[in-house]
Amino acid sequence: MDFWSAVKSVFGKYATFRGRACRSEYWYFYLFDMIVLLIAGIVDLAIFGSDVSVVGSIWALATLIPVIAVGVRRLHDIDRTGWWLLLSFVPLIGWIILLVWFCTRGTTSANRFGNNPLA
């Protein structure tokens, strides 16, 4: 999956928590989200000064559900439930575990969450 098809796929499944998302879909969307947040931060700095983040906050709020949904689908790809995403609330240890899982290759065959998205 390339960059733009990953972004289109995530926004096309805006609030879909079922199914699976391959690594490239997750990481390309994460990269897209970080680039837009960086640009929003620059726009906020140019317009409002250093203490206000209006554009960045609006973008973060608008993409909150898709970010959670693609994270859940990514966990489904490695045959874990989406509830494991709550590890993000555990400082450092939870983040490290999730990072390792998000970098892990998904199951090559169908699992309880659906067929392999790369097949």
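Author: A residue is called buried under 20% relative accessible area, exposed over 50% and partly exposed in between, with a 1.4 Å probe and protein chains only. The model is predicted, so local features need pLDDT of at least 70 and side-chain atom pairs pLDDT 80 or more, while totals for chains, interfaces and linings use all residues. Numbering starts from 1 along each chain as its sequence is written, and side-chain values use heavy atoms, without hydrogens or water.

The setting comes first. The chain has five helices and zero strands (DSSP runs numbered from the N terminus; helices are H or I with at least four residues, strands E with at least two). Of its 119 residues, 32% are buried. There are 10 positive and 7 negative side chains, and the centres of the two sets lie 13 Å apart (Lys and Arg count as positive, Asp and Glu as negative; His and the chain ends are left out; a charge is placed at NZ of Lys, CZ of Arg, CG of Asp or CD of Glu).

Side chains of opposite charge can pair when their charged atoms come close. The structure holds four salt bridges, each a side-chain nitrogen of Lys or Arg within 4 Å of a carboxyl oxygen of Asp or Glu.

Start with Asp77. Its side chain meets that of Arg20 in a salt bridge, at 2.8 Å from N to O. This pair links distant parts of the chain, 57 residues apart: Asp77 belongs to helix H4 (residues 64-77), whereas Arg20 sits in the loop between helix H1 (3-12) and H2. Asp77 counts as buried because its relative accessibility is 3%. Arg20, at 5%, is buried as well.

Asp77 also forms a salt bridge with Arg74, at 2.6 Å from N to O. These two residues are three apart in helix H4, so about one helical turn separates them. The relative accessibility of Arg74 is 0%, which means that Arg74 is buried.

Another pair is Glu25 with Arg73, whose side chains meet in a salt bridge at 3.4 Å, N to O. Glu25 lies in helix H2 and Arg73 in helix H4, so this contact ties together parts 48 residues apart in sequence. Glu25 has a relative accessible area of 2% and is therefore buried. Arg73 is buried too, at 1% relative accessibility.
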